[in-house]
Amino acid sequence: MPTPSLASLPIRRLTLRDLAACADLSEDRGWPREEHKWGFLLTAGKGYGIDDPDGGLVSACVVTEYGPPERPALAAIGMVLVAERHTRQGVGRRLMRHVVSAMGTTPLTLHATPNGRPLYEELGFKVIGRAEMVCGRFAPGGPQPAVATRAATAEDLSALLRLDEQAFGTDRTHIVTRLPAFADQLRVAEENGRIIGYAAAWPNMDTHVVGPLIARDTSVAQALIASLAAHTDRPLRTDIDVRQTELLAWVKERGLASVAFNSVMAYGITELPGDWSRRFAPVTVAAG
């Protein structure tokens, strides 16, 4: 039988049963397998993919929706991958067009690498910001943050959800409530019995990724990063909004180095909702 053309292969929803195939696709493109992250995204969001008749996936991506389920206020697109043997054949463009169409009037956002940015611009996405990835072993030093931090407890959940919605601009209960199982650490910053920030550190290969990082101000963000670093022997990695210049300078003084820059892009809106001054790092760039 003749091999079906790529253009005729159906796009379908992915589920957790596709975890290994998604990880294989990551590996095919030279990325880490990141099964832990794939599992989180496939359960918290919607996966889309194209099956390869010869086995595995031709392409995949994940969409994470925020706000009311019946009318999302925002959706983030991430993990857009095309198998090496099928690149430069319009597969990624076709999958992205499908996702944009499926999301209707829901505003969209994504973090684009320099290589991916031209495709997204072609589809109508606009650059609205930048994020800088930093990574390294955190070296304590200098004045210690005066903000008190501690491990989060179940009793903190309602306060975390309120704080998160104020900073993020829409409800992401389905993300925050998954953090205790997804992350190795979930810590809060407190002042006079009131939570003024929180952060998680989750395992990704040989690092701990800091995200989300929500804080009242830079000093609170610093205290949270320092407290996470004190409870791990792994290097830290995180993606910080470039407008957070004070925090970026501080983490570099503490041993983290710049790795890459991504463009924050949006479709249907000119800026992200919420309060960017309190939003220091995403859970993962794949989820906005």
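Residues are numbered from 1 along each chain as its sequence is written, and side-chain values use heavy atoms, with hydrogens and water left out. Because the model is predicted, local features need pLDDT of at least 70 and side-chain atom pairs count only at pLDDT 80 or more, while totals for chains, interfaces and linings use all residues.

**Whole chain**

Start with the protein in cartoon view. It has nine helices and 13 strands; these are DSSP runs, helices being H or I of at least four residues and strands E of at least two, numbered from the N terminus. Along the principal axes, the C-alpha atoms fill a box of roughly 70 × 35 × 35 Å. The radius of gyration is 19 Å, which agrees with the value near 19 Å for a compact globule of 288 residues (taken over C-alpha atoms; the globule rule is 2.2 Å times the number of residues to the power 0.38).

Switch to a surface. The accessible surface comes to about 13000 Å², and 52% of that belongs to carbon and sulfur atoms (Shrake-Rupley method, 1.4 Å probe; for residues, only the protein chains shown count as cover). Of the 288 residues, 52% count as buried. Buried means under 20% relative accessible area, exposed over 50%, and partly exposed in between, with a 1.4 Å probe and protein chains only. Among contacts (heavy atoms within 4.5 Å) with a separation of 6 or more, 72% are between residues 24 or more positions apart.

**Helix α1**

Select residues 19-28, which make up helix α1, and show its buried residues: Cys22, Ala23, Leu25 and Ser26. Looking down the axis of α1, these fall within an arc of 155 degrees, so they line one face of the helix. The arc is that of the directions from the helix axis to the C-beta atoms. An α-helix has 3.6 residues a turn, so residues three or four places apart point the same way.

Next, colour what this face packs against: β1 (11-14), α2 (35-44), β3 (57-66) and β4 (74-82). Following α1 is Gly30, with a positive phi near 85 degrees.

**Aromatic pairs**

Now show the aromatic side chains. A search of the whole structure finds six aromatic pairs. Rings of Phe, Tyr and Trp (its six-membered ring) pair if their centres lie within 6.5 Å; planes under 30 degrees apart count as stacked, over 60 as edge-to-face and the rest as tilted.

One of them is Phe125 with Tyr267, a tilted pair at 5.2 Å centre to centre and 45 degrees between the planes. Phe125 lies in the loop between α4 (117-122) and β6 (126-136) and Tyr267 in strand β12 (residues 257-267), so the pair ties together parts 142 residues apart in sequence. Phe125 is buried at 1% relative accessible area, whereas Tyr267 is partly exposed at 26%.

Move on to Phe138 and Trp250. Their ring centres are 5.5 Å apart and their planes at 50 degrees, so this pair is tilted. Phe138 is in the loop between β6 and β7 (148-151) and Trp250 in helix α9 (residues 245-253), 112 residues apart. Both Phe138 and Trp250 are buried.

Then select Phe40, Phe182 and Trp202, which form one aromatic cluster.

**Charges over rings**

Two arginines come next. The charged end of Arg172 sits over the ring of Phe168, 4.1 Å from its centre, and Arg13 lies over the face of Tyr48 at 5.9 Å from the ring centre. A charge sits over a ring if NZ of Lys or CZ of Arg is within 6 Å of the ring centre and within 35 degrees of the ring normal.

**Asp241**

Select Asp241 in strand β11 (residues 236-241). Asp241 is buried, with a relative accessible area of 14%. Leaving aside neighbours within four places in sequence, Asp241 is in contact with Arg130, Ala131, Leu248, Trp276, Arg279 and Phe280.

**Backbone**

Finish with the main chain. Most residues other than glycine have a negative phi, and most peptide bonds are trans.

- Asn192, in the loop between β8 (185-191) and β9 (194-204), has a positive phi near 50 degrees and is exposed at 79% relative accessibility.
- Met205, in the loop between β9 and β10, has a positive phi of about 55 degrees and is exposed at 51%.
- Pro212 is in strand β10 (residues 207-215), and the peptide bond from Gly211 to Pro212 is cis, with omega near 0 degrees.
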